[in-house]
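Take a look at the sequence and the model below. This report goes through them one topic at a time.

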Amino acid sequence: MRAPIPNHLVWAILVTLFCCLPGGIVAIVYAAQVDGKAASGDYAGAQQSSDNAKLWCWISLGVGLVAIVGWFGLMGLGIMADAGNY
């Protein structure tokens with residue numbers, strides 16, 4: 001009996017909703033492949049899909065965090081620029 005291969009589906013859905021939609025969708029697609037491949041006996045393919053899902057989750061999280069920090073930075077610059085006009 002082999003150890004179960006994590007599919008990272010919950011994590012993929014969360015990063016899709018809260019961080020980066022395009023990268024999260026890619027992560028969901030890979031995560032959805034894991035259980036089917038493992039059930040058919042393709043453990044190497046299931047592990048590869050799991051690794052890809054995990055990679056895309058990290059990429060989506062990173063892109064989302066950079067976008068959020070950038071947005072707050074631009075908002076801060078806008079507030080400082082408006083403060084000089086009064």
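## The faces of helix α1

This model is predicted. Start with helix α1, which covers residues 9–18. Its buried residues are A12, V15 and T16. Seen down the axis of α1, these buried residues fall within an arc of 105°, so they line one face of the helix.

The other side of α1 is another matter. There, V10, L17 and F18 are exposed. What do the buried residues of α1 pack against? Their partners are α2, residues 21–39, and α3, residues 43–83.

## The chain as a whole

The protein chain has three helices and zero strands. Along the sequence, the pattern reads α-α-α. The radius of gyration is 19 Å, well over the 12 Å that the globule rule gives for 86 residues, so the chain is more spread out than a compact globule. The box around the C-alpha atoms tells us about the outline. Along the principal axes, this box is roughly 70 × 15 × 15 Å.

Of the 86 residues, 23% count as buried. The accessible surface of the chain comes to about 5,800 Å². Carbon and sulfur atoms hold 73% of that surface. Residues 24 or more positions apart account for 62% of them.

I5 sits in the segment before α1. Is this residue buried or exposed? I5 has 15% relative accessibility and counts as buried, because the cut-off for buried is under 20%.

Which residues does I5 touch, leaving out those up to four places away in sequence? The list is V34, Y43, A46, Q47 and S50. L65 lies 60 residues from I5 along the chain. The C-alpha atoms of I5 and L65 are separated by 27 Å.

## Cysteines without disulfides

A disulfide is a covalent bond between the sulfur atoms of two cysteines. How many disulfides does a search of the whole structure find? The search finds zero. C20 is in no disulfide. The nearest cysteine sulfur to C20 is that of C19, and it is 7.9 Å away. C20 is also buried, with a relative accessible area of 14%.

C57 has its closest cysteine sulfur in C19 as well. A disulfide needs the two sulfur atoms within 2.5 Å. C57 has 0% relative accessibility and counts as buried.

## Two aromatic pairs

A pair of aromatic rings is described by the distance of the centres and the angle of the planes. The structure holds two such pairs. One is W11 with W58. Their ring centres are 5.1 Å apart and their planes stand at 85°, so the pair is edge-to-face. This pair links distant parts of the chain. W11 belongs to helix α1 and W58 to helix α3, and they are 47 residues apart. W11 is partly exposed, with a relative accessible area of 25%.

Where does F72 stand, buried or exposed? F72 has 54% relative accessibility and counts as exposed.

Notes. Residues numbered from 1 in each chain as written. Predicted model: local features only at pLDDT ≥ 70, side-chain atom pairs only at ≥ 80, totals over all residues. Heavy atoms only, no water. Buried < 20%, exposed > 50% of the residue type's maximum accessible area, 1.4 Å probe, protein only. Helix = DSSP H or I, 4+ residues; strand = E, 2+ residues; numbered from the N terminus. Arc of directions from axis to C-beta. Contact = heavy atoms within 4.5 Å. Rg over C-alpha atoms; globule rule 2.2 N^0.38 Å. Areas by Shrake-Rupley, 256 points an atom, 1.4 Å probe, with all protein chains shown as cover. Phe/Tyr/Trp six-rings, centres within 6.5 Å; stacked < 30°, edge-to-face > 60°.
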